[in-house]
Amino acid sequence: MSDSQNDEGPVHGSGSAGAASDAGPDSSDGHVRAGERDGLLAAAVGLREQGRQEEARDRLVALAARHPDDAEVAYQTAWAHDVLGLEAEAVPYYERALKATTGEGLSEEDRRGALLGLGSTFRVLGRYEEAVTTLRGGIEEFPDDGALRAFLAMALYNTGEHHESTRLLLRLVAATSEDPGVRTYRRAIEHYAEDLDETV
């Protein structure tokens, strides 16, 4: 299991279902296809939420084959592999989700999740440079996301960038900790994080 996953599952974005409803002259057929896709996706996600992970994965793989450019389907399929510890199999689905062109692509929240999932999965597979690149890209898009920064710090540690890794974590602790001691020394922590080798 990728170290980015939790027990709640991804938050579902709007996906691409709405795109077919604006299809034009053949929109009735588009409605049917979109409705079928939505129903199959919901059923597969329901299986996952019931703990029937293998069944969910099988259905999502089939659905992804029928909708290869559907960002939400690809994201859910990546997640289904990840929670089963099939990280290598999850990677192409994460990549497909982030590149998909159907509809409007992933929702903002799902895009965050896909970037985090892919970066974290690269890291647990030992593909550290790709993890750093992916997570840096995620932070460029979502600079206030603490989870992306935390996972980037881990990936940087794995690439030997210990100074930057520690600096990122110290900044994150200083910015987010509710610990009264940390809050008292927040400015000092932020200052020393910039140069951990500084002495007087």
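Me: Helices here are DSSP runs of at least four residues, and strands are runs of at least two. How many helices and strands does the protein have?
Reply: This is a predicted model. From the N terminus on, the elements run α-α-α-α-α-α-α-α-α-α-α. The totals are 11 helices and zero strands.

Me: What share of the residues of the protein counts as buried?
Reply: A residue is buried at under 20% relative accessible area. The protein has 200 residues. The share that counts as buried is 42%.

Me: Are α7 and α8 roughly parallel or antiparallel to each other?
Reply: Helix α7 covers residues 128-141, and helix α8 covers residues 146-158. They pack at an angle of about 155°, with axes 9 Å apart. Angles over 145 degrees count as roughly antiparallel. Therefore α7 and α8 are roughly antiparallel.

Me: How many nonpolar residues does the contact of α7 with α8 have?
Reply: On the α7 side, the residues include Val132, Leu135 and Ile139. Among those they meet in α8 are Phe151, Leu152 and Leu156. By class, the contact has two polar residues, two charged ones and, as for nonpolar, 10.

Me: Is the crossing of α3 and α4 left-handed or right-handed?
Reply: Helix α3 spans residues 53-66, and helix α4 spans residues 71-82. Their axes come within 9 Å and cross at roughly 150°. The crossing is left-handed.

Me: How many charged residues are in the contact of α3 with α4?
Reply: Arg57, Leu60, Val61, Leu63 and Ala64 in α3 meet Val73, Gln76, Thr77, Ala80 and His81 in α4. Six residues of this contact are nonpolar and three are polar. Arg counts as charged. The number of charged residues is one.

Key: Residues numbered from 1 in each chain as written. Predicted model: local features only at pLDDT ≥ 70, side-chain atom pairs only at ≥ 80, totals over all residues. Heavy atoms only, no water. Axes fitted to C-alpha atoms, helices over the stretch in contact; angles between N-to-C directions. Left-handed = near helix turned anticlockwise from the far one by under 90°. Contact = heavy atoms within 4.5 Å. Parallel < 35°, antiparallel > 145°, perpendicular 65-115°, else oblique. Buried < 20%, exposed > 50% of the residue type's maximum accessible area, 1.4 Å probe, protein only.
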